[in-house]
Amino acid sequence: MATIRNFQEKDREAVREICIKTAPEAAVKIENGRNYILTMYCDYYIDCCPEYCFVAADEKDEAVGYILCAPNYEAYKKDFKKYIKKIFSFSLYRGVAAFFESKISGRFLPDYPAHMHIDILDGYQRMGIGTQLVDALRKKLKNEKITGVMLVVGSDNEKGCSFYNKYGFKQLRNLGEGIAMGIKTD
């Protein structure tokens, strides 16, 4: 069984590897796609809010799963453009910023101010690690008086939806190309 603990800087490379291994294969075949995924779904959370990031560590204390969270999505969104401007070329920055605004902005409800991302290596998914990671984050958010956390799943991703339903998330709204799922902290 894995141990759930707070993210430590030594986990960054393992978290990045999990992020790439669990990403859609087509998305990581090109360097820009790989950089985009690592930036948007991994590094920015860690750099922005490391205290809201947890890992599932194996018996060697190496990360085999993670949950990353931005406790205030509005602040996250505001600073994200500045962050990616430093990393990407101007043309790619414009594309990423436009995608972020069109696909992600305006999706979050006031009762669910936090936004999260979770990934677990295949061999560990059936061990209850997802539930443990979600519980650790919910406890942290509840202690900070944050009422709920959301994520967006592709509307054609039945496996993803059932994965989150199993952890107690409910569908809040269908956004066309994605489904907003949320869970309360109480």
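Helix α7 spans residues 158-166, and its buried residues are Gly160, Cys161, Phe163 and Tyr164. Viewed down the axis of α7, these buried residues fall within an arc of 160°, so they line one face of the helix. An α-helix has 3.6 residues a turn, so residues three or four places apart point the same way. The other side of α7 carries exposed residues, namely Glu158, Lys159 and Lys166. The buried residues of α7 pack against three strands: β4, β5 (148-154) and β7. Gly168 follows α7 and has a positive phi, near 95°.

The model is predicted. The chain holds 7 helices and 7 strands. From the N terminus, its elements run β-α-α-α-β-β-α-α-β-α-β-α-β-β. The chain has 186 residues, of which 48% count as buried. Among contacts with a separation of 6 or more, 70% come from residues 24 or more positions apart. The chain exposes about 9700 Å², and carbon and sulfur atoms supply 49% of that area.

The largest nonpolar core has 54 residues. Val15, Met116, Ile118 and Phe169 have the most contacts inside this core. Helix α3, residues 31-48, gives the most to the core, with 8 residues. Ile118 illustrates the packing. Neighbours within four places in sequence aside, Ile118 is in contact with Tyr66, Ile67, Gly130, Leu133, Val134, Phe163 and Tyr164. Two of these partners, Phe163 and Tyr164, are among the buried residues of α7.

His117 belongs to strand β4. Is His117 buried or exposed? His117 counts as buried because its relative accessibility is 17%, and the cut-off for buried is under 20%. The side chain of His117 makes two polar contacts that can be described here. One, of 3.4 Å, is with the side chain of Tyr66. Another, of 3.1 Å, joins the side chains of His117 and Asp119. With neighbours up to four places away left out, His117 is in contact with Tyr41, Tyr45, Tyr66, Ile67 and Leu68.

Attention then turned to the end of the chain. Thr185 is found in the segment after β7, a strand that covers residues 178-184. Thr185 is buried, with a relative accessible area of 9%. Which backbone atom lies 2.8 Å from a polar atom of the Thr185 side chain? The atom is the backbone oxygen of Ile146. Beyond its neighbours within four places in sequence, Thr185 is in contact with Arg138, Leu141, Lys142, Ile146, Thr147 and Gly148.

Asp111 is partly exposed, with a relative accessible area of 43%. Residues up to four places away in sequence aside, Asp111 touches Thr147, Gly148 and Lys184. Asp111 and Gly148 are 37 residues apart in sequence. In space, their C-alpha atoms are 5.9 Å apart. Thr147 and Gly148 are touched by Asp111, and both residues are also in contact with Thr185.

Key:
Residues numbered from 1 in each chain as written. Predicted model: local features only at pLDDT ≥ 70, side-chain atom pairs only at ≥ 80, totals over all residues. Heavy atoms only, no water. Buried < 20%, exposed > 50% of the residue type's maximum accessible area, 1.4 Å probe, protein only. Contact = heavy atoms within 4.5 Å. Core = buried A, V, L, I, M, F, W, Y, C linked by side-chain atoms within 4.5 Å. Helix = DSSP H or I, 4+ residues; strand = E, 2+ residues; numbered from the N terminus. Polar contact = N/O pair within 3.5 Å; in protein donor to acceptor, adjacent residues only side chain to side chain. Arc of directions from axis to C-beta. Areas by Shrake-Rupley, 256 points an atom, 1.4 Å probe, with all protein chains shown as cover.
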